[in-house]
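Here is a colleague's note to read with the model open beside you.

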Amino acid sequence: MNRQNFHLNIAATPSRSRQAMIAEMLKTRDFLRVDELAQHFEVTTQTIRRDINSLCEQGMARRRHGGITCPGHGGNMSFRDREVLNRVAKRQIGAAVAREVPDGACISLGIGTTPQIVAECLGRHRGLKIVTNNLPLALAAAQNPEFEVAIAGGTVRTGDLDVCGPAGEELFSAYLVDIAIFGVGGVDADGSLLDYSREEVRIREVMMRHSRRSFLVLDASKFSRAAHVRGGRIEDVSAVFCDAALPPAIRERLMQSGTAVVPCPPLQAEGRDHT
């Protein structure tokens, strides 16, 4: 094949194939520049940015100034970076959780962007008492005059916009809530729950101990996400909310333990928006 034909084939690459090729390139490169990718595929930088947006939404890339890097580089993403990841899936999860939370309930909501979207989906509820260490969540919930919000004091983790450590643990220990709602950094193939730091694990463990029921909220990308601090098992929770079918081994484990698996159908199927 001559060079001209090679260039024509690259330029004609469908977007899904091009995105798969970019994801493959990330396995061997620490950083890929937008202009470099546009030149390589002979498309516009606007086209590459659309590809990047899609990859980031799927959790396959992490946006950096001028380009992208692999999500596994440098630990967890910042809260602001994670806000744009898999947002549609998280809204499905939030809507499903909202259907399971009754008016007047006392709930605790943990760190991360999925619990924040759950809180958004609870906006039409009445009389909720919310306990949280998640600053963006607390600020949003406090705008609702129907809600009573308790928030952890202490030092804010600037990349994550939350309070962990002793201050966060003390807050959650002071309440016995009806439902604890939290996410995780990842789920191992054997069902182990994974996070990026021991303090995140301890917060989740305290939330579970001080609740009557516990809801684990996670989008399907968490089953392939690299996080390395173990703490608890997926079958320990009362219910799992996920936007897609669980891996067969995980589903079997939950069936044996009696943990509920709650469907989170696309919002279009319901004909309304829950935010």
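**Notes on the model**

1. Let me start with a cavity. Helix α10 (residues 198-209) supplies the largest share of the lining of the second largest cavity, namely four residues. Helices (H or I, at least four residues) and strands (E, at least two) are DSSP runs, numbered from the N terminus. The lining as a whole is made up of G110, I111, F182, G183, D195, E200, I203, R204 and M207. By class, that gives four nonpolar, two polar and three charged residues; here Ala, Val, Leu, Ile, Met, Phe, Trp, Tyr, Cys and Pro count as nonpolar, Asp, Glu, Lys and Arg as charged, and the others, Gly among them, as polar.

2. A word on the source before going further. This is a predicted model, in which local features need pLDDT of at least 70 and side-chain atom pairs count only at pLDDT 80 or more, while totals for chains, interfaces and linings use all residues. Residues are numbered from 1 along each chain as its sequence is written, and side-chain values use heavy atoms, with hydrogens and water left out.

3. A cavity is a set of points, on a 1 Å grid over the protein atoms alone, where a 1.4 Å probe fits but cannot get out; lining residues have an atom within 4 Å of a point.

4. Next, please look at the seven-stranded sheet. It is open, with parallel pairing and the strand order β6-β5-β4-β7-β10-β12-β13. Two strands pair if DSSP finds at least two bridges between them. At the edges sit β6 (148-151) and β13 (260-262), each pairing on one side only. On average, neighbouring strands of this sheet are turned by 20 degrees against each other, direction ignored; the axes are lines fitted to C-alpha atoms.

5. Strand β7 (residues 177-182) pairs with β10 in the parallel sense over five bridges, and A180 has S214 in β10 as its bridge partner. Three bridges join β10 to β12, again running parallel. In β12, A239 stands opposite F215, and F241 is the bridge partner of V217.

6. How many aromatic pairs does a search of the whole structure find? The search finds one. The ring centres of F215 and F241 are 4.9 Å apart and the planes stand at 50 degrees, so the pair is tilted. For reference, rings of Phe, Tyr and Trp (its six-membered ring) pair if their centres lie within 6.5 Å; planes under 30 degrees apart count as stacked, over 60 as edge-to-face and the rest as tilted. Because F215 lies in strand β10 (residues 211-217) and F241 in strand β12 (residues 239-241), the pair ties together parts that are 26 residues apart in sequence. Both F215 and F241 are buried.

7. There is also a three-stranded sheet. This open sheet has the order β1-β3-β2 and antiparallel pairing, with β1 (32-33) and β2 (62-64) as edge strands that each pair on one side only. Three bridges join β2 to strand β3 (residues 67-69), and G67 in β3 is the bridge partner of R64.

8. Two backbone angles are worth checking. E42, in the loop between α3 (34-41) and α4 (45-57), has a phi near 55 degrees, a positive value in a residue other than glycine. E42 is partly exposed, with a relative accessible area of 39%. L161, found in the loop between β6 and α9 (165-173), is not a glycine either, yet has a positive phi of about 60 degrees.

9. Finally, two buried loop residues. A105 lies between α6 (87-100) and β4 (106-109) and counts as buried at 4% relative accessibility. Its C-alpha atom is 7.9 Å from that of I179, 74 residues apart along the chain. H125, between α7 (113-121) and β5 (129-132), is buried with a relative accessible area of 12%.

Methods:
1 Å grid on protein atoms, 1.4 Å probe; cavity = no way out; pocket = protein on both sides within 12 Å on 5 of 7 lines; lining within 4 Å. Buried < 20%, exposed > 50% of the residue type's maximum accessible area, 1.4 Å probe, protein only. Axes fitted to C-alpha atoms, helices over the stretch in contact; angles between N-to-C directions.
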